[in-house]
Amino acid sequence: MILRVISTVLTSIAAVSLLALMALTFADVIGREFFNKPLTFSVELTRLAMGLTVCLAFGTTTVSGRHISVDLIQGFVGKRVYGLMLRLSSVLLTIFFGVLAWGLLGKARQFAGDGLATQVLFLPVAPVVYAMSLACLAVAAIAAVMIWVGTDAQSEVEEHLAEAR
């Protein structure tokens, strides 16, 4: 339950970021095509918002078990082995997103120390990278909890296995 709440919060923020991206792109296209006045800052805002949106969306992907996977051996193993495979994938996700969060945190500290800012609007980059790091840390925590409690996605996979047999 708490995993779904965290996932929903992350997804809601990602949705707002994506909506802002759509509005920015719309305004940029209208300005460019009809008024010959493109938004000069649209590329830098798009880069920042896309990175943030992707990192925030990982939470929902992890909770729902919708990461990209290849069904090579799922049809050959039983439920118990498959449950262990799901837990192993949660271990790997915890490690991956933990390392990613740590790396992003290091970059955010470096950017903050250097005073890195965007070229047109002079927005500081570090706060966005800190947010990306925090989002990846939340995904690592979600995956860590899923190691112990399992996933809701296992029932969906069991249905898929039943159909395959």
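User: What is a nonpolar core, and which residues of the largest one touch the most other members?

Analyst: A nonpolar core is a set of buried Ala, Val, Leu, Ile, Met, Phe, Trp, Tyr and Cys residues joined through side-chain atoms within 4.5 Å. Buried means under 20% relative accessible area, exposed over 50%, and partly exposed in between (1.4 Å probe, protein chains only). In this predicted model, local features need pLDDT of at least 70 and side-chain atom pairs pLDDT 80 or more, while totals for chains, interfaces and linings use all residues. Residues count from 1 along each chain as its sequence is written, and side-chain values use heavy atoms, without hydrogens and water. Here the largest core has 23 residues, and Cys55, Leu56, Phe97, Leu104, Val129, Met132 and Cys136 touch the most other members. Two or more residues each come from α1 (2–35), α2 (42–64), α3 (79–114) and α4 (126–149).

User: Which helix gives the most to this core?

Analyst: That's α4, with 10 residues. Helices are DSSP runs (H or I, at least four residues), numbered from the N terminus.

User: How do I read a salt bridge, and which residues form one here?

Analyst: Look for a side-chain nitrogen of Lys or Arg within 4 Å of a carboxyl oxygen of Asp or Glu. This structure holds one: Arg32 pairs with Asp28, their closest N and O atoms being 2.9 Å apart.

User: Where do the two sit in helix α1, and is Asp28 buried or exposed?

Analyst: They're four residues apart in α1, so about one helical turn separates Arg32 and Asp28. Asp28 is buried, at 8% relative accessibility, whereas Arg32 is partly exposed at 39%.
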